[in-house]
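Me: I am new to this structure and would like to learn how to read it. Can we take it feature by feature?

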Amino acid sequence: MLEVTGLVKRFGSKTAVDHVSFQVAAGDTFGLLGPNGAGKTTTLAMIAGLLRPDAGDVRVGGYSVRTHRKQALSLLGVVPQEVALYQELTALQNLNYFAALRGIAGRERRVQVEEALELVGLKEHARQRVDRFSGGMKRRLNIAVGLLGRPRFLLLDEPTVGIDPQSRRHILDAVRDLAAGTGMTVLYTSHYMEEVEYLCRHVAIMDHGRIIAQGSLDEVRALAGEALQLRLPLRELDGRADPADLQA
């Protein structure tokens, strides 16, 4: 479903994405894991056609984003990191508006909007204004927008950032149920390893613009090893403990 080959993006003297290559099979849930600033969002922006790469190519469903942009992007649903909603409109009005932008009309629009609200657990809040939503509810509605048009491939860019644990779990469950129930291909970026472990069958780890490990979850765990170091910073010691004893 996705082939990323030698992708490069520079901003002035900074190389944000440095010859990145990976593949996502149809029906797979693939995690792109890395710290803030690793280049994940820039990579997704190029896959979604929002940024033009300086080198390399992206193929979605066999279509190059460079040369067959319309065909490639028609297969995609995108959930950006920042909430992209009209705060003064209701959830239903937002979904109807974005469905119209995708050319979905009439009965089909009503069906898809209802399906999206059901999936993200917001059906009972459909007529509530978005500016009265919690942060987690806004994130869930953001995902619902990305599902309009029934895309074959969904891109989610850190959709749980800044929300409470309950809403976070609801989003993770919704994404997992979506992938399992529809066979949709999902590319999920995060800097939380536990999210990737919960959702994804394959993962690539990105740092400083490069892929430093990729494969199945078990393969990446084997590459990383199971070692864990815990440091406990203390302002004062009472003289009874050796700082070296507090490092495991």
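Me: How many helices and strands does the protein chain have?
Reply: This is a predicted model. Its protein chain holds 8 helices and 10 strands.

Me: What share of the residues in the protein chain is buried?
Reply: Of the 248 residues, 44% are buried. The accessible surface comes to about 13,400 Å², and carbon and sulfur atoms account for 50% of that surface.

Me: Among contacts between residues at least 6 apart in sequence, what percentage join residues at least 24 apart?
Reply: In this protein chain the figure is 65%.

Me: Which strand does strand β1 pair with, and in what sense?
Reply: Strand β1 (residues 2-11) pairs with strand β2 (residues 14-24) in the antiparallel sense, over 7 bridges.

Me: How are side chains arranged along a regular strand?
Reply: They alternate between the two faces of the sheet. For a case in β1, take E3, which is found in that strand.

Me: Why does E3 count as partly exposed?
Reply: Partly exposed covers the range between under 20% (buried) and over 50% (exposed). E3 has a relative accessible area of 35%, so E3 is partly exposed. Leaving out residues up to four places away in sequence, E3 touches F22, Q23, D57, V58 and R59. E3 and V60 are 57 residues apart in sequence, yet their C-alpha atoms are 6.7 Å apart in space.

Me: Which residues touch the most other members of the largest nonpolar core?
Reply: They are L95, L141 and L156, in a core of 42 residues. Helix α5 (residues 135-147) gives the most to this core, with 6 residues. Another core, of 25 residues, lies apart from it, and includes L2, F22, V24 and L76.

Me: What does L95 touch, not counting residues up to four places away in sequence?
Reply: L95 touches V113, L117, L141, A144, V145 and L148.

Me: Which residues make the nonpolar surface patch of about 300 Å²?
Reply: Y86, Y97 and L101 make it. Y86 sits in the loop between β6 (76-79) and α3 (91-101).

Me: Why does Y86 count as partly exposed?
Reply: The relative accessibility of Y86 is 36%, so Y86 falls in the partly exposed class.

Methods. Residues numbered from 1 in each chain as written. Predicted model: local features only at pLDDT ≥ 70, side-chain atom pairs only at ≥ 80, totals over all residues. Heavy atoms only, no water. Core = buried A, V, L, I, M, F, W, Y, C linked by side-chain atoms within 4.5 Å. Buried < 20%, exposed > 50% of the residue type's maximum accessible area, 1.4 Å probe, protein only. Helix = DSSP H or I, 4+ residues; strand = E, 2+ residues; numbered from the N terminus. Contact = heavy atoms within 4.5 Å. Patch = residues over 30% accessible without salt bridge, like charges linked within 9 Å, V, L, I, M, F, W, Y side chains within 5 Å. Areas by Shrake-Rupley, 256 points an atom, 1.4 Å probe, with all protein chains shown as cover. Salt bridge = Lys/Arg side-chain N within 4 Å of Asp/Glu carboxyl O. Pairing = 2+ DSSP bridges.
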